[in-house]
Amino acid sequence: MQKKSQKYVGKNVLRFEDERLLSGNGVYTSDLKFSSLLHLSFLRSNIAHGKIVSINKEKAEEIEGIHGVFTYENFKEVPPIKSTSRMKNYFATNQNVLCSDKIRYVGEPLAVVVAENRYIAEDAAELIEVEVKNLDPVIDTLEATKPYSEILHNEIKSNVILERNFNTGDKNFLHDKDLLSVKNIFRMTRKSPISMETRSYVCNIDKLTKILTLYSSTQVPGVIKDALSLFLKIPGNKLNVIAPDVGGGFGGKASLYPEEIITVLLCQRFNRPIKWVSDRFEDFMSTSQGFEEVMEVELFFKPTGQFIGLYGKIIGDVGSYSIYPWTAALEPMQVAGFLQGPYKIDNFNANVKCVVTNKPPTGPYRGVGRPAAVFAIERLIDMAAKKLKTDPAKLRLQNMIDKKDLPYRIGSGIVWDNAGFKECLKSALRISKYEKFRRIKNNENSNWLGIGIASYGELTGIGSKISVAPGMPLNTGTETCIIEIDSTGSISATFAIASHGQGLETTLAQIIAETLGSKPDDIKINQGNTSLIKHGTGTYASRSAAIAGSVAIKSTKKLKNQIMKIASYIFETTKKNIHINDGFIFQKDTNKKISFYDLAKAVYSDMETLPIKLRKPLVATETYDPIFGATTTATHIAIVEVNPETYKIKIKDYIVSEDCGKVINPMIVDGQVQGGVAQGIGAALYEELKYDEAGQLKTATLADYLIPTSSEVPNIKIEHIENFLPDNLGKFKGMGEGGTIGATAAIANAVSDAISHLNIEITELPISQDKLYNLINTGENQNELKFGK
Amino acid sequence: MKFYNSKNKINIKFKLNDKIIEKEVEPRLLLSDFLRYNCGQTGTHVGCEHGICGACTILFNEQPIRSCLMLAAQIRDSEILTIEGVANDSKYKDLREAFKKHHALQCGFCTPGFFITIISILNENVYYDEEDLREKLSGNICRCTGYTGIILAVSEVIKKRHSKELI
């Protein structure tokens, strides 16, 4: 623990990003200006499952202003997107950049038009004639696993493209005659990440050098560069990927997309800049979706309340293709991985199936697997408390992993360490005045008012030992920082991360300023540009502040050491007498000081002050790998009121007590919690991508797919608990996703508590007003589905 | 199918951020696209093109409107104000500072739309409390902040402006 008080870390430093973004001077991909720019429009499939018989593009090509119409025939040499994995029993799917033969979802790109402007491109796309032969659409998750179901990928011979069993402990406890259990089938429906900026790509080519620069609204420029180089055989020194200002991501911009590859290919072919911007309708249909899980889970416990076993069958509906680079394993495996949560349970058994259906591919969405897992386990704990006639908070405290039990390996193999599980729960109970609420609820007629708790653990800032998705052949665990002082004495630091709203230009500058002894606003943070750094991936999986923040310290310390050496030569003293503060280098107990400008001049240009061996460039490069990851935890408590006439659910209060280690910038951390909870509220109460039996998306506008507005999101009370510090350089843990992870379960538990007098349990999210009406008035539970063997 | 003949253009003259502009536009050109690509004012963002998200909100004759739901041809003789027109306006310095202080923006994509909507609220010169503001701002979607920062920022500006008037 750092004992001395810190000057910038832990302080609400105002964001350096804000000035440009508030004045309309942010530059997002679609704002970039190029002369002789050509525009793309994609023709997408309007059926979910079928075979292409023919595509006739003659009429489209006749339109004035059209530069070309392309189908798979024109991109035959491009290999299919194939997301490989070391996992056993995994079958990778082949996804061509344009559909070659078999159509697998509504929205799959079939052809692309290149035109003078987008309006003309869309005119032409409408004139392309496609003849298809329909196949039976496979839409229902459970039906897709049945032997009689139509097969999506013939070469795989099954719609289950990955299956895995987890087995820890034994089955002896099942013979215990006092054994109690609660069991239910939980369903988390499909969501869209919905960033306000839709996916956008512009590729430019340098006429002389032929260097391609893809400007992409991506979270992962490093992943995209490596993939483009691999698929298109372009050497890395002829290819840059730049993520300029990016308008949110939430996981939807963390994968490789066919449109990205096509934009680059066509730029190369036309030798001109090419632009594609998704419209909202396309974004709904073609940006990776998330969360669709069916989970049959059973929690076993003793009459004393002690948990002894957890069994789960999880079927993850991954859509039509296994997404690159994360694979289909990403979401469903994490449901099983995190199902046990922060509780001591000796016996764990889970079966996970990843099943393909005729819906768009799923990919990462804020929380990945955990919003579903936490929903299931935390609901079961409330049901267990009801069965035991005990208080749900008490039952959690009884079974929660204690400080003295850490490190603790849960049944799925994940190891929790350095996390204040109970501290967070106790803090949230205190802030929410939980006991008082319970007393009031028990004594007064306060049906329709409910309180819900959700506690969870998550792994963040994951190192190289654990892939973000199991078996994925990609190193997501390291981060490099190049910090340098140039000839003018100015400081810049370069990372491979790609901020898209997290304020990393500010927080990383805070960390460097703290470590070096300069001011945050004197430090320029470079990120989101693959030409500036040799390797890296981007910003996702709650990794950037934790890993990049730590490597920033490592590189800065190295540079600082070099500076001290030079300064001690100049001041004719030893390093321990050197002190750096506010951008000046001082000799302690004297009035001698030099600025960074003086230092740079001595190193680079005056040739007199320093001997040659001290005149090396002021650059330090270090790489950091946390190997494993840091355990972040939180408890969320929601208080809701259900209107008994309209069934409208109002969130009256919401509390988050979380432990994300050392807080770099409280204002930004609170903003992440607040925003994450807002998305969790959406997932719990409003958001659902509804597909009909034919595989048509019925919620393809923002008027049908409802995102919480300012009227639906309350102010959240947040408490930070920093007493358990992780074993990494900066003591930082990731926390960008946690808000969404805890909110689904807390709200589901609160709503169940509010209607407990009706003896109804919430088992499917979102619990929208109409679903709640049906549950209460018709007893219709959409979740009474049969789990296939 | 008959398509629009692009040679048949419409002449419009209007005021954009206090500058008089005259241009020829295609009848079907959206106002949002026109402002962004024909006038170079890319601060107006396009988030949905069906009038829900509010990212493209601009002031049209002092009224907040969705520029994705209007055609460029409809702005003849009108006054248009976009984020670029208020970016350096000292009248809204307090709002800009409050946005920074309360962390009312993260990715910044929805911000210009919110800013313009809020300006139209401030220009009403009515005291609104937090609950009123939640209602009044519910036509703009932000996916990052959970709205708290935005509501706090506007509340603070309104409170300060009204307390000044009392003195």
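Modeller: Start with a pair of strands: strand 1 of chain B, residues 10–16, is joined to strand 2 of chain B by 7 bridges, and the two run antiparallel. Keep in mind that this is a predicted model.

Biologist: Which residue stands opposite Asn11(B)?
Modeller: Glu24(B), which belongs to strand 2 of chain B.

Biologist: And what holds strands together in general, backbone or something else?
Modeller: Strands of a sheet pair through backbone hydrogen bonds, and the pairing is either parallel or antiparallel.

Biologist: What is the strand order in the chain B sheet?
Modeller: The order is 2-1-5-3-4, in an open sheet of 5 strands with mixed pairing.

Biologist: Which strands are at the edges?
Modeller: Strand 2 (19–25) and strand 4 (63–66) of chain B, each of which pairs on one side only. On average, neighbouring strands in this sheet are turned by 40 degrees against each other, ignoring direction.

Biologist: Which helix packs on the sheet?
Modeller: Helix 4 of chain B, residues 111–124, does, and it touches strand 3 (57–60) and strand 4 of chain B. The direction of helix 4 makes about 40 degrees with that of strand 3 of chain B.

Biologist: Step back a bit. How many helices and strands are in chain B?
Modeller: Chain B has 6 helices and 5 strands. Along the sequence they come as β-β-α-β-β-β-α-α-α-α-α.

Biologist: What share of chain B is buried?
Modeller: Of the 167 residues, 50% count as buried. As for contacts in chain B between residues at least 6 apart in sequence, 61% of them join residues at least 24 apart.

Biologist: Where are the domain bounds in chain B?
Modeller: Domain 1 covers 10–85 and domain 2 covers 89–166. Their centres, taken over C-alpha atoms, are separated by 22 Å.

Biologist: How many residues of each are in contact?
Modeller: 13 residues of domain 1 of chain B are in contact with 11 residues of domain 2 of chain B. On the domain 1 side, strand 3 of chain B gives the most, with 3 residues. That side divides into 7 nonpolar, 6 polar and no charged residues.

Biologist: Switching to the other chain. How many residues of chain A are in contact with chain B?
Modeller: 46 residues of chain A, against 43 residues of chain B.

Biologist: Which elements of chain A give two or more residues to that side?
Modeller: Helix 1 (18–22), helix 3 (118–127) and helix 15 (666–686) of chain A. The largest share, 7 residues, comes from helix 15 of chain A.

Biologist: And by class, what is on that side of chain A?
Modeller: There are 19 nonpolar, 18 polar and 9 charged residues on the side of chain A that touches chain B.

Biologist: How is chain A itself divided?
Modeller: Into domain 1 (18–25 + 478–624), domain 2 (32–135 + 196–248 + 253–286) and domain 3 (293–465 + 627–777). Between domain 1 and domain 2 of chain A, 14 residues of one are in contact with 14 residues of the other. The domain 1 side of that contact has 3 nonpolar, 11 polar and no charged residues.

Conventions
Residues numbered from 1 in each chain as written. Chains lettered and ligands numbered in written order. Predicted model: local features only at pLDDT ≥ 70, side-chain atom pairs only at ≥ 80, totals over all residues. Helix = DSSP H or I, 4+ residues; strand = E, 2+ residues; numbered from the N terminus. Buried ≥ 20, exposed ≤ 12 C-beta atoms within 10 Å, placed from the backbone. Contact = placed C-beta atoms within 7 Å. Pairing = 2+ DSSP bridges. Axes fitted to C-alpha atoms, helices over the stretch in contact; angles between N-to-C directions. Domains from an automatic or database assignment. Nonpolar A, V, L, I, M, F, W, Y, C, P; charged D, E, K, R; others polar.
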